[in-house]
Amino acid sequence: MKSGNEQYLVCVLEAEGPDLEEICTRYWAVDEAGAFIETVTAIGKSFGLTAAKLGRFVKENSYAYSLDIACPRCNRPIAFRSRAEFQAEANRITKECEDCKLEMVQQKNQEKERQLRERQQAAIEECPDVTSFTTEQCIYLLALLKLAATEDMMEISELSTIQYGMFTPTKDLDHQALKSLLHSGIIYISPTSHLTSIEITEKGISYYIDSVRWRVSLQDKGCGPIYAVLEDEIRQRLSCQGPAILMELCHEISLHECLAFLDESLSEHRLGYEYGEKTVAVLRAALEQYPVAKVYNFIWRSARDAAAFYQRKQTSKAHASRTVVGSIERQCQQALANSWDVKAYKRNFRMPQSSLSRVVFNTLLGTDDAGFNILIKELFSREG
Ligand SMILES: [Zn+2]
């Protein structure tokens with residue numbers, strides 16, 4: 001028996017059994033406009049099945065294809081397992097069939113692997129010597145390894161997979177540090193990175209900097225134990241040039257501790273904004289006078305006041321959030337002018353000391369998280 005309907009949607013049985021052919025044929029039968037002739041509930045009723053049970057039965061025992069809907073890549077008809085699949089496909093531009101999709105993913109993955117190997121080759125060939133690293137880069141790398149190195153020290157795990165601890169106080173500084181290491185050829189993307197984190201683009205590949213693994217090119221050249229190499233290099237520079245070479249990095253860490261706390265305090269009140277130069281300038285000025293632990297006090301109060309302002313004035317969240325900058329500045333100036341004893345805050349348990357801060361303040365300067373409680377310039381005048 002052959003009707004016009006069957007030409008439109010061909011049903012293929014994959015099993016045999018009582019009623020099987022009739023159930024599947026009726027399920028897939030469409031009129032000339034492509035509309036299904038019977039409802040699933042009606043067919044189910046004839047066989048004592050619920051619509052859901054009938055759908056599962058058909059899916060397990062048959063598929064259908066239309067002569068009008070073919071894979072644009074291999075031209076084979078697309079197989080449908082359910083009416084929903086067919087209707088979704090009929091209503092949009094046809095995508096490739098499952099086989100082609102798989103083949104395309106495999107081809108893309110091979111291309112990604114090829115590009116990663118090429119980059120690896122280039123990174124190992126052009127590997128810079130540790131003496132050409134800036135002091136900051138040596139410290140970034142040491143902090144990154146301490147936080148995220150694999151047990152054999154050959155790879156650095158994806159930052160997005162690190163459960164405990166932070167590389168630097170903020171994502172911004174994380175990315176700044178990673179990019180500095182990457183652009184100088186000190187680290188490169190590991191070919192063992194998940195290929196789903198990498199996309200092929202016209203220029204080669206693109207990826208989220210947090211979602212790929214890294215390798216240290218020095219390690220591939222066989223530089224010896226990398227911690228020792230880096231620590232020796234930094235200590236040599238410290239003994240020649242004095243601890244002041246760390247000062248700028250200390251200021252940067254303190255600034256980012258405050259930016260992170262500002263973000264945290266605002267989000268506790270469901271507020272937030274994109275900080276810019278003005279916020280950075282105000283925080284830097286505050287950090288000239290007070291250590292991070294006390295600037296936290298100004299930040300926390302400003303966020304609380306912004307939340308109260310938001311509720312009282314019925315203003316926008318963005319407007320309320322932006323009042324914190326002026327408020328921090330005012331509090332800092334008042335405290336200074338009146339010589340107030342500003343209460344020092346403790347570290348927020350959600351924001352532990354970062355790996356970068358530990359390397360600088362604990363390992364290299366030999367203090368116990370002093371960057372949090374002591375003014376940077378005082379710390380260095382003691383050191384000096
Ligand atoms: Zn195909």
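Three strands make up an open sheet here, ordered E1-E2-E3 with antiparallel pairing. E1 and E3 sit at the edges, each pairing on one side only. On average, neighbouring strands of this sheet are turned by 30° against each other, direction ignored. This is a predicted model, where local features need pLDDT of at least 70 and side-chain atom pairs count only at pLDDT 80 or more, while totals for chains, interfaces and linings use all residues. Residue numbers start from 1 along each chain as its sequence is written.

A word on terms: helices (H or I, at least four residues) and strands (E, at least two) are DSSP runs, numbered from the N terminus. Two strands count as paired if DSSP finds at least two bridges between them. Axes are lines fitted to C-alpha atoms, for helices over the stretch in contact, and angles run from 0 to 180 degrees between N-to-C directions.

**The sheet and its helices**

Here is how the strands pair up.

| Strand pair | Direction | Bridges |
|---|---|---|
| E1 (residues 9-13) and E2 (residues 62-70) | antiparallel | five |
| E2 and E3 (residues 77-80) | antiparallel | three |

Tyr 65 is a handy place to look: its bridge partner is Val 10, and Tyr 65 also stands opposite Ala 79 in E3. Cys 11 has Ala 64 in E2 as its bridge partner. Between E2 and E3 there are six residues, and the two strands form a hairpin, with Asn 75 in the turn taking a positive phi of about 70°.

Two helices go with these strands. Helix H2 (residues 20-28) packs on the sheet and touches E1 and E2, its direction making about 155° with that of E1. Helix H5 (residues 83-90) lies across E2 and E3, running at about 145° to E3. In H2, the buried residues are Ile 23, Cys 24, Arg 26, Tyr 27 and Trp 28; buried means that 20 or more other C-beta atoms, placed from the backbone, lie within 10 Å of the residue's own. These residues pack against E1, E2, helix H3 (40-47) and helix H4 (51-61).

**Domains and cores**

The domain assignment, with bounds from an automatic or database source, gives domain 1 (4-96), domain 2 (101-241) and domain 3 (243-383). The centres of domain 1 and domain 3, taken over C-alpha atoms, are 63 Å apart.

A nonpolar core is a set of buried Ala, Val, Leu, Ile, Met, Phe, Trp, Tyr and Cys residues joined through C-beta atoms within 7 Å. The largest one has 42 residues, and Ile 139, Leu 141, Leu 142, Ala 143, Leu 144 and Val 360 have the most contacts inside it. Helix H7 (residues 135-148) supplies the largest share, nine residues. Domain 2 and domain 3 both contribute residues, so this core lies between them. Beyond its neighbours within four places in sequence, Ile 139 is in contact with Ile 234, Leu 249, Val 359 and Val 360, contact meaning C-beta atoms, placed from the backbone, within 7 Å. A second, separate core has 26 residues, including Phe 261, Ala 307, Ile 328 and Phe 372.

**Helix H13**

Ala 307 is also among the buried residues of H13, along with others including Tyr 296, Phe 298 and Tyr 310. Elements covering that buried set include helix H11 (247-268), helix H12 (277-289), helix H14 (317-337) and helix H16 (370-373). The 22 residues of H13 (residues 292-313) should span 32 Å at 1.5 Å a residue, and the end C-alpha atoms are 31 Å apart, which agrees; the expected span is 1.5 Å times one less than the number of residues. Just past H13, Gln 314 takes a positive phi of about 55°.

Technical notes: Buried ≥ 20, exposed ≤ 12 C-beta atoms within 10 Å, placed from the backbone.
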